[in-house]
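Please read the points alongside the model.

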Amino acid sequence: MSGSTTMLILSFLYLLFSALIPSNSGNATCRSYCGNLTIDYPFALHSGCGHPGFRELLYCINDVLMFHISSGSYRVLDIDYAYQALTLHDPHMSTCDNIVLGAKGNGFSIEQWRSPYMNPTADNVFMLIGCSAQSPLFQGFPGKHLPCRNVSGMSCEEYYGCAAWDLLGGHRKVGSMFGSGPPECCAVPFEAIKAINLTRLQCEGYSSAYSLAPLRLDGANGWSYGIRVKYSVQENDEFCRACEATGGTCGYGTDGIRQLCMCGKLNSTSNCDSVKSSSTRTYSVVDSYTLIGSLVCLLAWITKNHYPSPYVMHLIM
């Protein structure tokens, strides 16, 4: 038998066994990376992976991970799986070093169907800058009951201490009465207004900062600027834990709603144990006949092409 024929036979056998033997290597298909960030459940870059509440949310562009919602796109600086939080950056957001006006910033507004799964953390302050007196922000707050407040020890009074304000040629301090005009900066928690939309709120810009530890004494210069978003998969996390415990990977169906446990080449609506038991029975009966039939055909082909007729009859008998 020639070497080329032997290689052909071995290749055939390898492909045959690969097709028949089930695989449970689902974990390698969904976990991925973008730059130095790991993308894991409930997030994903591939369709069908992750939790359905986080589908079509993250995109990797030139090794830069982007987070996209209705208000715009943000760069993902960090994903903290232990505390279930993301840190986002908006390039048109003001900081202590730069005040950006012209309503260029994205703000933060998320689709209603995503809101049960993610929102800015309670210790994230949004500071709205240059809002008009007609802004919905100030309507329904007569007298001193402005919505502006201190959030987790961060307020506009401290933010006014940033050097960037000096470049604007002055600013208005927070007045004690609405009649004195709206403040140049108004700090609010996300929960108070549910959406940071600069156009609707009639504001010129915004800043966002969050607190991860006790604030340092250097005021706004020491704040962490960005948007800190808390995420949660709620009760559906139990499904994923059961799936991963049996060697599967969490995903969802083509309807974008139904959760699936991906077990290699097979999917399950519960976990991989159910797939393994059913697939074992299937392969032991149906695919065993397929394997035997394929081997008989291969043997017949070998003997027909490489051995004289009497020997063929001897092998078959």
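1. The model is predicted.

2. Aromatic pairs number 14. In one of them, the ring centres of Phe67 and Tyr74 are 6.3 Å apart and the planes stand at 70°, so this pair is edge-to-face. Both residues are buried: Phe67 has a relative accessible area of 0%, and Tyr74 likewise has a value of 0%. Ring pairs also join Phe67 and Tyr74 with Phe108, Phe126, Phe190 and Tyr206 in a cluster.

3. The largest nonpolar core comprises 67 residues, and Phe67, Phe108, Leu128 and Tyr159 have the most contacts inside it. Strand β8 (residues 124-129) gives the most to this core, contributing 5 residues. Neighbours within four places in sequence aside, the contacts of Phe67 include Leu57, Leu86, Leu88, Phe108 and Met118.

4. The structure contains 3 salt bridges. One joins the side chains of Asp80 and Arg228 (3.7 Å, N to O). Asp80 belongs to strand β5 (residues 72-80) and Arg228 to strand β12 (residues 227-231), so the pair ties together parts that are 148 residues apart in sequence. Arg228 counts as buried, at 8% relative accessibility.

5. Another salt bridge links Arg114 to Glu111, with the closest N and O atoms 3.5 Å apart; Arg114 counts as buried at 3% relative accessibility. Lys194 and Glu191 also form a salt bridge, at 2.3 Å between the closest N and O atoms. Glu191 is exposed, with a relative accessible area of 55%.

Note on methods
Residues are numbered from 1 along each chain as its sequence is written. This is a predicted model: local features need pLDDT of at least 70, side-chain atom pairs count only at pLDDT 80 or more; totals for chains, interfaces and linings use all residues. Side-chain values use heavy atoms; hydrogens and water are left out. Rings of Phe, Tyr and Trp (its six-membered ring) pair if their centres lie within 6.5 Å; planes under 30 degrees apart count as stacked, over 60 as edge-to-face and the rest as tilted. Buried means under 20% relative accessible area, exposed over 50%, partly exposed in between (1.4 Å probe, protein chains only). A nonpolar core is a set of buried Ala, Val, Leu, Ile, Met, Phe, Trp, Tyr and Cys residues joined through side-chain atoms within 4.5 Å. Helices (H or I, at least four residues) and strands (E, at least two) are DSSP runs, numbered from the N terminus. Contact means heavy atoms within 4.5 Å. A salt bridge is a side-chain nitrogen of Lys or Arg within 4 Å of a carboxyl oxygen of Asp or Glu.
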